[in-house]
Amino acid sequence: IVDSLLFYRYSNIFKVLGDRLQPEEYVEIVRNRILVDKQGDDALLQIFTTNILQRKPSEEAPFLEFIQRICDVDDQSSNSLDPPRFGCGGFGIRNFLTLFLSIELNSALTLFRNTDTPAAKHIAKLRLDCLTEQLDVSSDVLATISDASAEEAQLSSNVNDPRLQDAQRRKAQAQSQLQSISAEYAARMSDIDSLEQSTIPAAL
């Protein structure tokens, strides 16, 4: 039971990288709030600073993003000192969408917890379920885009390689599928907004 609880701390990252890192390394990644993405056998680590050059808390301000690319994480025996390949580890495509949906999920969860009427709680629950489902459905498609992009980068030196064309085809198909998923859930969220406008005033 103790081992299961300890593993739960980094289970989401483990789904991406598997057993490529030691448990202590996974814990450090979680503790430092580092985002992890994987493309093929490469990994990408991302971390963002808090706002900088901010005069007032209410003002918008820039922040810094730090990226570490880890090439061929499967090749533990490699001692190569070559610089990372262009695009090694991807560009965090899963992180961008996951981060956006996570922010929306957190807002929906906060709203759900703070509502005090059955009608408002029902609407908040619908939003929460919709965002959770979109995150789950998008995950495999994002993995396909990421893996196909990795293959495309590796084979880009030979434009006549049929494997390159296949990778480009799979990436394009997955991108189209992701757009369809986004449009579907945007429409569902719009329906929830319309339902809120028609029910909440009546409930109040």
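Predicted model: local features only at pLDDT ≥ 70, side-chain atom pairs only at ≥ 80, totals over all residues.
Residues are numbered from 1 along each chain as its sequence is written, and side-chain values use heavy atoms, with hydrogens and water left out. Local features need pLDDT of at least 70 and side-chain atom pairs count only at pLDDT 80 or more, whereas totals for chains, interfaces and linings use all residues.

Ile29 is buried, because its relative accessibility is 7% (buried means under 20% relative accessible area, exposed over 50%, partly exposed in between, with a 1.4 Å probe and protein chains only). Beyond its neighbours within four places in sequence, Ile29 is in contact (heavy atoms within 4.5 Å) with Ile13, Leu21, Ile34 and Val36.

A search of the whole structure finds 11 salt bridges (a side-chain nitrogen of Lys or Arg within 4 Å of a carboxyl oxygen of Asp or Glu). In one of them, Glu28 pairs with Arg31, the closest N and O atoms being 2.8 Å apart. These residues of helix H3 are 3 residues apart, so about one helical turn separates Glu28 and Arg31. Glu28 is partly exposed at 37%, and Arg31 is exposed at 56%. Another salt bridge joins Arg163 to Asp161, with closest N and O atoms 2.8 Å apart. Here Arg163 is exposed at 52% relative accessibility, while Asp161 is buried at 9%. A network of salt bridges links Glu151, Asp166, Arg169 and Arg170.

Methods
Helix = DSSP H or I, 4+ residues; strand = E, 2+ residues; numbered from the N terminus.
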